[in-house]
Amino acid sequence: MIYTKILGTGSYVPSKTLTNEDLTSFVDTSDEWIVSRTGIKERHIVTDESTTDLAYFAALKAIDDAQIKKEDIDLLIVATVTPDNAFPGVSNLLQARLELNEIMTFDINAACSGFIYALNIADKMIKSGSYHTALVIGAETLTRLTDWRDRNTCVLFGDAAGAMIISKSTQDKIKDIICGSRGDTDDLLICKNTDIKDPSINAISQQDHIHMKGSEVFKFATRILPKTVNDLLDRNGITLEDLNYIVAHQANERIIDKAARDLSFSMDKMFLNISKYGNTSAASVPLAIDEAIKSNVLKKGDKFITVAFGGGLTWGGALIEL
Ligand code: UT7
């Protein structure tokens with residue numbers, strides 16, 4: 001039987017920060033509203049960095065943390081909704097920049113659930129016996145798609161990348177992963193990101209931005225988050241008492257708080273770093289896992305569930321032992 005485990009993690013955020021106070025200078029909002037409704041105090045945003053840049057620095061840290069050689073990596077998957085190009089993908093560009101072997105690389109798009117989708121694919125590709133060591137990344141520059149005039153969305157997002165090295169193992173550590181989607185809910189959270197294509201009016205080409213029906217997404221998130229946790233517990237014959245932590249997608253502290261209450265799980269064991277980064281989409285989960293490990297909140301031998309939801313709508317969760 002082939003099992004998998006985490007060998008190392010890393011994360012990276014751009015140096016420029018945008019505080020809630022900064023936002024009030026160009027949009028009708030307040031620090032009080034943003035903190036009380038979301039838990040966000042500031043976010044990091046790119047100036048001239050690309051998604052590939054953020055992914056590159058997170059990957060270097062994960063490779064270092066895993067204490068492996070770059071030649072050991074035989075699979076690279078990047079989850080992103082903000083690739084630098086339509087093609088080639090961020091993963092292709094990274095293969096060259098990281099000087100990896102000429103391995104299989106690809107990007108996937110499952111919005112904020114993207115990292116868990118990518119982890120699921122890498123985990124199963126290793127368990128098939130065909131691959132040995134995967135670099136899995138969630139990287140986003142969502143603020144490039146943000147409409148800075150729309151207070152409903154612009155206060156929420158930030159830029160970041162998180163990376164994880166997983167490998168074949170004799171110990172069963174990445175125990176179970178589930179993913180789901182519902183495309184009939186596409187209008188709740190969407191970014192068409194299209195330009196006007198009529199050549200006669202091409203001169204006024206304009207970019208579409210993120211559109212979200214926040215309260216509908218909130219309802220979905222507070223339902224799917226506990227459901228995914230319970231599904232993972234049931235499938236693996238364990239209970240909440242067996243978990244040291246839940247590391248949820250950092251979209252809104254109120255969503256995490258409501259999920260904890262509905263699960264009857266202590267909020268002290270729900271990892272939180274949203275106040276510093278905002279919602280970083282596919283980067284949110286690996287950034288949170290990396291911070292939880294590096295700050296010794298998650299320790300070797302700990303069991304945790306990581307869970308995410310996002311545009312699509314999509315969702316996913318993983319049961320992992322460190
Ligand atoms: O990554 C995945 C997906 N995204 C999410 O998980 C987001 C899920 N949704 C949410 O987190 C919340 O719905 C929001 C944070 C987006 C909004 O919070 P809410 O408590 O649902 O507020 P609301 O949309 O019901 O708006 C309440 C009021 C409205 O004013 P009126 O109509 O009551 O006068 C909004 O116009 O708050 C107003 N508002 C703001 N006020 C100040 C909305 N955004 C702002 C703002 N500053 N930034």
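Two strands count as paired when DSSP finds at least two bridges between them. The views below show a predicted model.

**Figure 1. Strand β13 and the β12–β13 hairpin.** Strands β12 and β13 form a hairpin in which three residues lie between the two strands. β12 spans residues 303–310 and runs antiparallel to β13, to which eight bridges join it. Within this pairing, Ile305 has Leu319 of β13 as its bridge partner. In the turn, Gly312 has a positive phi of about 140°. The peptide bond that leads from Gly312 to Leu313 is cis, and its omega is near -10°. Leu313 itself belongs to the loop between β12 and β13.

Figure 2. Strand β13 comprises residues 314–321 and is mostly covered, with eight of its eight residues buried. Both faces of β13 are covered: one side carries Thr314, Gly316, Ala318 and Ile320, and the other carries Trp315, Gly317, Leu319 and Glu321. Strand β8, residues 174–181, pairs with β13 in the antiparallel sense over seven bridges. Ser181 stands opposite Thr314 of β13.

Figure 3. Asp208 is located in the loop between β9 (189–190) and β10 (211–212). Asp208 is buried but has no salt bridge; Lys192, the nearest side chain of opposite charge, is 6.7 Å away. The side chain of Asp208 does, however, reach the backbone nitrogen of Lys192 at 2.9 Å. A polar contact of 2.8 Å also joins the side chains of Asp208 and His211. When residues up to four places away in sequence are not counted, Asp208 touches Cys191, Lys192, Asn193 and Thr194.

**Figure 4. Helix α5 and the glycine that follows.** Helix α5 covers residues 114–127 and has 14 residues. From first C-alpha to last, α5 reaches 20 Å, close to the 20 Å expected at 1.5 Å a residue. The helix is mostly covered, since eleven of its 14 residues are buried. Among the buried residues of α5 are Phe115, Ile116, Tyr117, Leu119, Met125 and Ile126, and also Asn120 and Asp123. After α5 comes Gly129, which has a positive phi near 95°.

Figure 5. Most residues other than glycine have a negative phi, and most peptide bonds are trans. Gln67, in the loop between α3 and β4, has a positive phi near 55° although the residue is not glycine. Gln67 counts as exposed because its relative accessible area is 73%. Glu99 lies in the loop between α4 and β5 (104–108), and its phi is also positive, at about 55°. With 64% relative accessibility, Glu99 is therefore classed as exposed. Pro88 is placed in the loop between β4 and α4 (90–97), and the peptide bond from Phe87 to Pro88 is cis, with omega near -5°.

**Figure 6. The position of Glu71.** Glu71 is found in the loop between α3 (51–66) and β4 (75–79). Its relative accessibility is 49%, so Glu71 counts as partly exposed; the class of exposed residues begins over 50%. Glu71 and Asn244 are separated by 173 residues in sequence and by 34 Å in space, C-alpha to C-alpha.

Notes
Residues numbered from 1 in each chain as written. Predicted model: local features only at pLDDT ≥ 70, side-chain atom pairs only at ≥ 80, totals over all residues. Heavy atoms only, no water. Buried < 20%, exposed > 50% of the residue type's maximum accessible area, 1.4 Å probe, protein only. Helix = DSSP H or I, 4+ residues; strand = E, 2+ residues; numbered from the N terminus. Lys, Arg positive; Asp, Glu negative; His and termini not counted. Salt bridge = Lys/Arg side-chain N within 4 Å of Asp/Glu carboxyl O. Polar contact = N/O pair within 3.5 Å; in protein donor to acceptor, adjacent residues only side chain to side chain. Contact = heavy atoms within 4.5 Å. Expected span 1.5 Å × (residues − 1).
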